[in-house]
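This briefing concerns the structure shown below.

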Amino acid sequence: MATKVEERTYEDAVQYLRDHGFDLIEAPGTPGRVFLRKYNVSAAIQKDGDDGVKIFAYPGYLIGGEISKLINRGYQQVLKTSKTEVAATADHLKSLQQFSEELKEALGLPSLYNESLGTVSEAYQYDRIVDRDKPVPDRPKRPWEKVTAATASKKSRA
C-alpha cells in the first residue's frame, strides 16, 4: 500500500533539523547548502529549485573530520575516506541508520522497507566477482579450478 509523503521546503527542513538536535553549518561560498551533523554522522543538503530540498552528500560516519563512504566487501563492511579505511562496527552502523532515518523524516522523503531494516551500503565489492567482466580465457584460475585440473591429470595417468 503506497502512502503519500509530504515533502518539505528547504526552510521547513532546516528548521525541523535545528529543532531535532542536528548541528547545521552553512557551506562556505555556496548559498543554500548546509552540512548536518548528529551521532558523529554527517551529510549535506541543498536547495533544489525554488522551494525544494535534496541531499547533496549522502550520510557517512565522520572519520578524521571527513565524511566516510560505507562499502560492503561481502565479508565486512568498511568505512572508507580518501586517507583511510576502518572496519565498521555495530555502533557505526547504528548511528548511520538512525541518522538516515531522521534525515528522511526531516526532508519528507519516503522510508523504504529494505533501507529501514539496516544500513545500506553505497557500494558492494565482493572478492568472488573480481575479473568476472573479462572473457573466460583471460580470467585467472580460481583455487578450486586449479585443484580440479590437477586431480583430472592424476586420474588419467592411473
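Predicted model: local features only at pLDDT ≥ 70, side-chain atom pairs only at ≥ 80, totals over all residues.

Residues are numbered from 1 along each chain as its sequence is written, and side-chain values use heavy atoms, with hydrogens and water left out.

**Confidence**
- The average pLDDT (the predictor's confidence in each residue, from 0 to 100) is 77 for the protein, and 78% of the residues score at least 70.
- Strand β8 (residues 85-87) has the highest confidence, at a mean of 90, whereas strand β9 (residues 123-124) has the lowest, at 56.

**Overall architecture**
- Four helices and nine strands make up the elements of the protein; helices (H or I, at least four residues) and strands (E, at least two) are DSSP runs, numbered from the N terminus.
- Their order from the N terminus is α-β-β-β-β-β-β-β-β-α-α-β-α.
- Of the contacts (heavy atoms within 4.5 Å) with a separation of 6 or more, 42% join residues 24 or more positions apart.

**Surface and burial**
- Buried residues account for 31% of the 158 in the protein; buried means under 20% relative accessible area, exposed over 50%, and partly exposed in between (1.4 Å probe, protein chains only).
- The protein exposes about 10900 Å², of which carbon and sulfur atoms supply 52%; the areas come from the Shrake-Rupley method with a 1.4 Å probe, and for residues only the protein chains shown count as cover.

**Nonpolar core**
- A nonpolar core is a set of buried Ala, Val, Leu, Ile, Met, Phe, Trp, Tyr and Cys residues joined through side-chain atoms within 4.5 Å.
- The largest such core has 22 residues, of which L17, L36, I45, L79, F99 and L103 touch the most other members.
- Two or more residues of this core come from each of α1 (10-19), β2, β3 (41-48), β4 (52-63) and α2 (90-107).

**Helix α2**
- The 18 residues of α2 should span 26 Å at 1.5 Å a residue, which agrees with the 26 Å between its end C-alpha atoms; the expected span is 1.5 Å times one less than the number of residues.
- Among the buried residues of α2 are H92, Q97, F99, E102, L103 and K104.
- G108, which follows α2, has a positive phi, near 75°.

**Residue F35**
- F35 lies in strand β2 (residues 33-38) and counts as partly exposed because its relative accessibility is 29%.
- Beyond its neighbours within four places in sequence, F35 contacts D23, L24, I25, A27, A43 and A44.
- The C-alpha atoms of F35 and Q46 are 8.8 Å apart, with the two residues 11 apart in sequence.
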